[in-house]
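Biologist: Please take one part of this model, the place where the chains meet, and go through it closely, with the cut-offs spelled out.

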Amino acid sequence: MRFLPLIWKNAWRRPFRTTFTLLVIFVSFLLFGVLMTIRTAFTLGVELAGQDRLVIIHKVSLIQPLPVSYKDRLTVVPGVEDVTHNSWFGGVYQDPSNFFAQIAVEPEPFLGIYTEYRLPADQMKAWLADRQGAIVGRDLAERFNWSIGDRVPIQGTIWRPRSGTGNTWEFNIVGIYDGEPGVDRSQLFFRYDYLDENRTFGQGLVGWYIVRIADPSRSAELAAAFDGMFANSSAETKTTTEKGFVESFAKQIGDIGAIMVAILVLVLFNMLLVVTDVMSYSVTERTSELAVYKAVGFTNVGVLAMVLVESVSIVVLGGGLGLLVAWLFVQGGDPTGGMLPAWVLPQRDVLLGVVLMAMLGILAGSLPAMAAMRLRITDALRRN
Amino acid sequence: MKQIIAVTLLNLRTIPQRLASSAVAIVGIAGVVVVLVAVLSIAEGFQAVLQGTGTPDRAIVMRGGADSEMTSGLGGPDVDVIRQAPGIARDGQMTMASGELYVIIDMPKRTSDTPFNVPLRGVGPEATAVRQEFRIVEGRMFEFGTNEIVVGRGAAVLYAGLDVGTELRSGQDTWRVVGVFETDGSVAEGEIWCDARTLQSVYRRGNSYQTVLARLTSPASFDEFRDWLTTNPQLDVQVRRETEYYAAQSRTLTTLVRIIGFGIAALMSLGAIFGAILTMYTAVASRAREIATLRALGFNAPAVIVSVLTESMALAAIGGALGGLAAYAAFNGYQTSTINFQTFSQVAFAFRITGRLLVLGLVAALVMGFFGGLLPAIRAARLPIVAALREL
């Protein structure tokens, strides 16, 4: 401990060089934080998917609808706690570039299953009382400056209303739901009965089912049971866990995660080269000083440790600041303005970053540190 | 001038003596160029497919309010009306207007077991006459009235179970793959085609279609064709040129990829510039005595500055060229696909590293080299001669 001031002095022997080394490390870990956030955003928040939820879609593809009558048959299966269905609306608000998801749901079972969406009780009551009512996520409400009581017209691209003008469907905002960071707060949910009674075709059909089961360890068995129930019917099904469903959908975008990790490996490798180079240069530069340390009684291990501590603390200092700035940047919200709702830097990745800092610091310092340790006093002192 | 050249050459000739530290700068800059070029080649490839689709003399008819083929819907009788519109090319008995269905079918990739939303297009006999670029490159065209399918060249590469001669099971349906087709690299090469009437019954669509693709007598007939349809009280449709329809679809994704690509590359460049500063600083520090000697001999400050900058930019140019070549070797033509959120289906495309991107990479490298060399260069020129001569 008492050598820390010495190490600190050594680290700053060339302030210009140390400053830029710190900057290289800073930028590398800033990138680490941002790339990990992008990676998480493109997995569509799979970490948040419920383990006890199964998703049932049409076997041929997600766009094929399922009959609403499946709900009653699913509800009575032992082990099933709750069943509900969702339907994709695919409408356009003002301009196609204002994309956000609108989903027709059954309010009570929906919020009973998706407990991560939090809606105040009075707003829930208002929703149940208003057939045209819709609830929106906090982020979506802020994006379009909506508040409770607003009437929002949305152009249906698939469904057209029986009454009214053209393709326009009108919704009353009756509630604004919230959730922990990472919960998708960019969606609009409205009542399925409103959709079904007013569309010109497609009555009695739903998009997909969500089933909450009592025991997540039985999910494979129940999934097989559901698909068996509807086998050889006109609408065969495919059941997966919600996690599997989200994961496989995220894969459809492409392997963004792999691309981000590849870039990151490149960035950190570069950083390692820079720091190793700087550390070896700085050890060579003070060969005679190190020899003096040894001459006055520092052990080999002591010299090794001193160089290692220097390199690790430089990496941790620069990297820590980088990660902090990345975290602050991520708190500022999704820079694409709503295209990436799961815009968070997960704790797990912060931890990984800290571990990487320690590892890279040791790695970068180890060669120069070994050289310093092997130094023979007489040779070193004679060198100059 | 002579001074500048002399010092610069001296610097460049001594690079091999500082190999390790020079290599760090080169690798750092090459890394940035690889990422910049590779990420932008994704946007380039995707855009090339969508902008290369369609010809100006073709028009696509969808239901009013629909934002893509996927959400559109047209009844059989509507399609019959649309086929009577003026301006459509005719060839003997055949009207060059094709009523089509556009759905998706879940299919695993050759590289992944999870399902992908592969577009399945139901077409009539006119479809291949309307699209003159269509040609079968393996096997044969499907027979109408059967469950046979033909697959685009891109789809055949990407998805499992699409080899000619194999049978494909999807739900209760069985499809037989009989051929592979090409359409000059357009979107259709990522699709699977079958008979529209077969698809109507399999997907329970009754006598309905989603779009009509028409070839017009000339690009100029478009206005006449569109006005007749949009003012027809029997119909509620919108008409777009095929080229515009597909070009609009590429916008969201290419913008997103470019924002992310440029953002990451900008941050990485910053890191590489700092790395280059360190390298050049080391180079200057290790030669402090030489530089001071030169100055004492009467070489002026600009000569020293230019020599350091040239060295740094030469290293950057090597890095930029290496990075561009590495990206080209590793990624050019790499076939992949992504989801197009407008149609909710996969678009097959290949990474495309164009000359423009390689030049961009090299320019970025030179800019990094310039800024990386600037500070150390000024430092070198300002070195107090006496102190430097005494150093080390």
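Modeller: The contact draws 43 residues from chain A and 43 residues from chain B, where two residues are in contact if their C-beta atoms, placed from the backbone, lie within 7 Å. This is a predicted model, in which local features need pLDDT of at least 70 and side-chain atom pairs count only at pLDDT 80 or more, while totals for chains, interfaces and linings use all residues. Residues are numbered from 1 along each chain as its sequence is written, and chains are lettered from A and ligands numbered from 1 in the order in which they are written.

On the side of chain A that touches chain B, two or more residues each come from helix H2 (15–42), helix H9 (242–253) and helix H10 (256–285) of chain A, helices being DSSP runs of H or I with at least four residues and strands runs of E with at least two, numbered from the N terminus. H2(A) contributes the most to that side, namely eleven residues. By class, that side of chain A holds 22 nonpolar, 15 polar and six charged residues, with Ala, Val, Leu, Ile, Met, Phe, Trp, Tyr, Cys and Pro counted as nonpolar, Asp, Glu, Lys and Arg as charged, and the others, Gly among them, as polar.

Seen from chain B, B:Val35 touches A:Ile263 and A:Leu266 as well as B:Ile264, B:Ala265 and B:Met268, leaving aside residues up to four places away in sequence. As for H9(A), that helix also lies across strand S1 (53–58) and strand S11 of chain A, running at about 100° to S11(A), an angle taken between N-to-C directions on a scale from 0 to 180 degrees, with axes fitted to C-alpha atoms, for helices over the stretch in contact.
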